[in-house]
Amino acid sequence: MIQPSRKDRMRPAELVGFSAVLALFAGIIVLLSTRELGLAVIFFGIAFIVSLLVVAMLLLAMKPNKDDTPRHDTSGH
């Protein structure tokens, strides 16, 4: 069985963090422009969900490199 590397295990956390940063940016912009905390929280949540979906769709559309795919030993050993 092939064990994923630490880099591969941390990748989902990096993508969720990236989405959270984008959502935080959107929430701060709404807060600074409207000065309503409730509206800023709503926009933060919407931006987080949308950015998470967009990042996930982009990852699904990306083809893996030859180096990323595990090689199976076909020698029979």
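A residue is called buried when its relative accessible area is under 20%, exposed when that area is over 50%, and partly exposed in between, as judged with a 1.4 Å probe and with protein chains only. The structure described here is a predicted model, in which local features need pLDDT of at least 70, side-chain atom pairs count only at pLDDT 80 or more, and totals for chains, interfaces and linings use all residues. Residues are numbered from 1 along each chain as its sequence is written, and side-chain values use heavy atoms, with hydrogens and water left out.

The secondary structure of the chain amounts to 2 helices and 0 strands, where helices (H or I, at least four residues) and strands (E, at least two) are DSSP runs numbered from the N terminus. Of the 77 residues in the chain, 10% count as buried. The chain exposes about 6,900 Å², of which carbon and sulfur atoms supply 69%, the area being computed by the Shrake-Rupley method with a 1.4 Å probe.

Helix H1 (residues 6-34) and helix H2 (residues 37-61) have axes that come within 7 Å and cross at roughly 145°; these axes are lines fitted to C-alpha atoms over the stretch in contact, and angles run from 0 to 180 degrees between N-to-C directions. The crossing of H1 and H2 is right-handed, a term used if the near helix is turned clockwise from the far one by less than a right angle. The residues of this contact divide into 20 nonpolar, 4 polar and 1 charged, with Ala, Val, Leu, Ile, Met, Phe, Trp, Tyr, Cys and Pro taken as nonpolar, Asp, Glu, Lys and Arg as charged, and the others, Gly among them, as polar.

Within helix H1 is found Ser19, which counts as buried because its relative accessibility is 0%. When residues up to four places away in sequence are not counted, Ser19 touches Phe48, Ser51, Leu52 and Val55, contact meaning heavy atoms within 4.5 Å.

Phe44 and Phe48 both lie in helix H2, 4 residues apart, which is about one turn of the helix. Phe44 counts as partly exposed at 32% relative accessibility, and Phe48 also counts as partly exposed, at 22%.

In the loop between H1 and H2 lies Arg35, which is exposed, since its relative accessible area is 72%. Most residues other than glycine have a negative phi. Arg35, although it is not a glycine, has a positive phi of about 60°.
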